Amino acid sequence: MDSSDANGYNSTPSYMDPTAFSQPKVTVIALYDYHAQQADELSFCKHAIITNVTIPENSEGWWRGDYGGKKQHYFPTNYVKEIDSTEPHDNGDDRSSDSFMQEPLHLNGAVVDLIHNEQNYGLEWILRIVTSNLCTSFDVAVQTKELAMEWLEKIREAAQKACALESQNKEMERISRVAKEMSNLIIYCSSVSFNLERAKQNPVFYEMSSFSESKAEKLICQQETKFFLRYHQLQFSRIYPKGQRIDSSNYNPIQLWNVGSQMIALNYQTGDKPMQLNQAKFRDNGNCGYILKPDFMFRDDFDPFDVNTLVGVEPVTISIRVIAARHLSRSKKGMASPFVEVEVIGAEFDSGIKLKTKTLSDNGFNPRWNDICEFDVLNPHFALLRFAVHDEDMFGEPNLIGQATYPVMCLRTGYRSVWLRNAFSEDLELSSLLIRISISNPRDRSSAISHRH
């Protein structure tokens, strides 16, 4: 191959750049304002620069271009004028129309100044715009002062509107962070400060108030008990531990439940007797987290301290035989010396320790008592039955081994294995009591005795 052939071979490229066949880019300037009529059209103001303009086939009178962040949208040809894309623009260098800004300007907080530069003949009036989204100023040059003043007025007007809209949006977000319709669907209770006079004169069912335990025990359980019995028929109250409980201990929730308070807040991190009662209270209803109030609590004459106001409530007589236990282990080394307490916790006239077995020294493996107790519960809806197994130490002090607490309304009769739990109501492996329980109606027993006589 001679040198001429070699030159001819090398001068013919084996790969053609597709951009070599593309049409030259066209840039236009808007002569009038235009507002889009369809989703695929551009909206622009007078003097707007539209870049990358293409002329589609079969679309007479319409071109496509890029403006305001929209790519290749339609616009009418009679609203624009083509400009020479090779003509240099005064941007401080020799950049061509390819350097036109493609992203929209954020005019919120924008500052615009008019500068007269006589040395820049033909485009001597310059609008210098400084915005929050640009690191440097953005200059726009026009031919006449009248055109520059028109742009200046429009830009300042747009900046003022953007600031006003931003302030309005922030205010709306501050006042209402969610749609009112959505809020109406999900808000059932409104938290309000408690005012006794207002609550007496104008009760509102969706208003809920919170009380510290000290205020609740004084106001709800002592001074205004009858009012709060009616109050809780219509409204919610929430009770929380007083701030002085720096050890995270708990208060007794029973009395507050008995006067109708629905939400009793406790320190769940503390495993004590009040927390055990709370766990037991809500074992009813499938342990789902709520229980229904009994019907008699909605009567106007109901008094939790007066047994005579219990309308439609059947009392029960409970007979319990504590037979034996197994695997009762103490926290310290050595054998446990266990004894069992059976207690009813509920209405004031029902509460108390009903049985305390004898102590069996050094026998936590399989102690046997076979002790019996029998007692009446006049308001079983309020009552909780608690078994507590203690270890008596060398000083005669009791130390809790395990406990089990149940609502009286959930008890089942017969021989039962009562699984014990620790102070946090967690199951103790293998530890249990063996008991026999029977439940009867004292009224049936009294009627049977009267017939016998």
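The structure holds 17 aromatic pairs, a pair being two rings of Phe, Tyr or Trp (its six-membered ring) with centres within 6.5 Å. The model is predicted, so local features need pLDDT of at least 70 and side-chain atom pairs pLDDT 80 or more, while totals for chains, interfaces and linings use all residues. Residues are numbered from 1 along each chain as its sequence is written, and side-chain values use heavy atoms, with hydrogens and water left out.

Trp63 belongs to strand β3 and Phe75 to strand β4, 12 residues apart (strands are DSSP runs of E, at least two residues; helices are runs of H or I, at least four; both are numbered from the N terminus). Phe75 has 0% relative accessibility and therefore counts as buried (under 20% relative accessible area; exposed is over 50%, partly exposed in between; 1.4 Å probe, protein chains only). Ring pairs also bring Trp63 and Phe75 into a cluster with Tyr32, Tyr34, Phe44 and Tyr79.

Charges sit over rings too, with NZ of Lys or CZ of Arg within 6 Å of the ring centre and within 35 degrees of the ring normal. Lys356 lies over the face of Phe339, at 4.9 Å from the ring centre, and Arg436 over that of Tyr415, at 5.6 Å.

Turning to the loop between β12 and α8, Thr270 is found there. With 17% relative accessibility, Thr270 counts as buried.

How values were computed: Phe/Tyr/Trp six-rings, centres within 6.5 Å; stacked < 30°, edge-to-face > 60°.
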